[in-house]
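I hope it is handy to have open beside your viewer.

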Amino acid sequence: GYRKGGYHAVRPGDQFAAGRYVAQRKLGWGNFSTVWLAFDVQSQKYVALKIQKSAPEFAQAALHEIEFLSEITKRDPSNCKCIIQLIDHFKHTGPNGQHICLIFEFLGDSLLKLVQYNRYKGIGFDRVKRICKSILVGLDYLHSELGIIHSDLKLENVLLVSTIDPSKDPIRSGLKPNLERPEGNPNNGEVGLNPIEKKLKMRARRVLAKLAEKRKSVAESSRSERTLDGIDLTCKIVDFGNACWADKQFTDFIQTRQYRAPEIILGAGYSFSVDMWSFACIAFELATGEMLFTPKEGHGYSEDEDHLALMMELLGKMPKKIATMGTRSKEYFDRHGDLKRIRRLKMSSIERILVDKYKTSESDAREFAKFLCPLLDFAPEKRPTAAECLKHPWLQYNEDKNFGSVNNNDAKNIDLAQSTGTSRNCTNIDA
Ligand code: ADP
Ligand code: MG
């Protein structure tokens, strides 16, 4: 939190880089940073200001991100490659230490928010296709022109390009840039709460949480239209804190759990195709509102083993050669290439799940599955590249045509037995 080595507390009106950037309001945060809307006095434009936590490991990660972003920005002067552009970077000293700050072009909401605003129902195939195209343009640029693997693609790390001028968005605060310095000590702990709210928060956290939950669904449905207004559905890939060069990798263990490729779990080495696996997970999640894989630890098996089992239930058995190839293969597979502790798999397919669980029409399900399945090949080298994907018939669509959308009206009545998420019978052969 907001302590030595941690986040830098900011208040609207705070100045950065000798007064060039003036903080407006908080846009978001991650494990490493807080991100603020700021006004650039020099260019008279709104920008995003990412303020990294100050401890050395976070500073190191920020320098790492700057290395990648500088290259990305330098080689894309026309800013059309669907990757976030870095505008500036500098150091800012505050009570919690020295923070590396990055200035980005201002973007809109993340794909996660888009899915949340649609109440986890999926956003319709026409929108999915548009977003997929943008992500693929970005990935093709990263992979084939720069040799960079993103390594952490997920909904939070893809932001919509907002055509809304932040100063003109009536729902957002600050119609004019706020260039006033705040009164008193600008760095007095938690931001965004007045003393009464703080007391309330302490006393009635649970009550508030319940209330918030109730209001959320109402608010989300009314906000969904707003989020989609003023957005042309292009988007940009952000967060290069975990990126690596294909020929200079830093760690064996990458990606966020649900988007992780099988070769990472198995410790079998990786390349650009790990991003293609995550991309397929994103496409599925946009279409259905639910993650493709949500592995859980169970009695007698680990989260990793469940993850491998879920993959095989959906995509077929992993070829023995691939299953036994990694440095960690022996932890999960026997010498026949069967999972050691999860013996009975409930086989299904993406197409079946789309039809049965998400009520997608047969033809839409077939077409979408044809696009997704090659990306989810257990053999990494067989997965299509981003450039090949861009040529796929599923993405060649007529803008005027009305595409079928995933119908989730029956979401509550889903027979969970048909999904892959039910508890499994497991045999611990060691027992
Ligand atoms: P971290 O490395 O800490 O995860 P990110 O770069 O992912 O930081 O940014 C955290 C969040 O801040 C994002 O998920 C998003 O909500 C918001 N954000 C980041 N960059 C921008 C931007 N350029 N424009 C608008 N919001 C942004
Ligand atoms: Mg992030």
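Before the points, one definition: strands here are DSSP runs of E with at least two residues, and they are numbered from the N terminus. With that in hand, the largest share of the shell around ligand 1 comes from strand 2, which gives three residues. Please keep in mind that this is a predicted model.

1. The chain overall. The protein chain holds 13 helices and 10 strands. It has 431 residues, of which 49% count as buried. If we take contacts between residues at least 6 apart in sequence, 69% of them join residues at least 24 apart. The chain exposes about 21,300 Å², and carbon and sulfur atoms supply 51% of that area.

2. In what order do the six strands of the open sheet stand? The order is 1-2-3-4-6-5, with antiparallel pairing. Strand 1 (15–16) and strand 5 stand at the edges with a single partner strand each, so one side of each has no neighbour in the sheet.

3. The hairpin at strands 5 and 6. Strand 5 covers residues 86–94 and strand 6 covers residues 97–105; they pair in the antiparallel sense over eight bridges. The two form a hairpin, with two residues between them. For a pair to look at in your viewer, D88 stands opposite I103 in strand 6.

4. The other partner of strand 6. Strand 4 is joined to strand 6 by five bridges, and the two run antiparallel. Here L49 stands opposite I103 in strand 6.

5. The shell around ligand 1. Which residues come nearest to ligand 1? Of the 19 residues around the ligand, they are S33, K50, E105, L107 and D239. By type, the shell divides into 10 nonpolar, five polar and four charged residues. Strand 2 (21–29), strand 3, strand 4 (45–52) and strand 6 each supply at least two residues of this shell.

6. Polar contacts of ligand 1. A polar side-chain atom of K50 lies 2.8 Å from an oxygen atom of ligand 1. An oxygen atom of the ligand is also 3.3 Å from a polar backbone atom of F32. On the nitrogen side, a backbone N or O atom of L107 lies 2.9 Å from a nitrogen atom of ligand 1. As for cover, ligand 1 has 550 Å² of accessible area on its own, and the protein covers 89% of it.

7. S33 is found in strand 3, which spans residues 33–40, and is among the residues that come nearest to ligand 1. Is S33 buried or exposed? Its relative accessible area is 4%, under the 20% cut-off, so S33 counts as buried. Leaving out residues up to four places away in sequence, S33 touches Y7, K50, I51, Q52 and K53.

8. S278, a serine in a helix. S278 lies in helix 7, residues 273–288. With a relative accessible area of 1%, S278 is buried, because buried means under 20%. Not counting residues up to four places away in sequence, S278 touches L153, Q255 and Y259. L233 is 45 residues from S278 along the chain, and their C-alpha atoms are separated by 19 Å.

9. Two loop residues with positive phi. Where is A18 found? A18 is in the loop between strand 1 and strand 2, and has a positive phi of about 55° although it is not a glycine. Its relative accessible area is 90%, over the 50% cut-off, so A18 is exposed. Q44, in the loop between strand 3 and strand 4, also is not a glycine and has a positive phi of about 60°. Q44 is exposed as well, because its relative accessible area of 53% is over 50%.

Notes
Residues are numbered from 1 along each chain as its sequence is written. Chains are lettered from A and ligands numbered from 1 in the order in which they are written. This is a predicted model: local features need pLDDT of at least 70, side-chain atom pairs count only at pLDDT 80 or more; totals for chains, interfaces and linings use all residues. Side-chain values use heavy atoms; hydrogens and water are left out. Helices (H or I, at least four residues) and strands (E, at least two) are DSSP runs, numbered from the N terminus. Buried means under 20% relative accessible area, exposed over 50%, partly exposed in between (1.4 Å probe, protein chains only). Contact means heavy atoms within 4.5 Å. Two strands pair if DSSP finds at least two bridges between them. A residue is near a molecule or strand if one of its heavy atoms lies within 4 Å of it. A polar contact is a pair of N or O atoms within 3.5 Å; within protein, one must be able to donate a hydrogen and the other to accept it, and residues adjacent in sequence count only if both atoms are side-chain atoms. Accessible areas come from the Shrake-Rupley method with a 1.4 Å probe; for residues, only the protein chains shown count as cover. Ala, Val, Leu, Ile, Met, Phe, Trp, Tyr, Cys and Pro count as nonpolar, Asp, Glu, Lys and Arg as charged, and the others, Gly among them, as polar.
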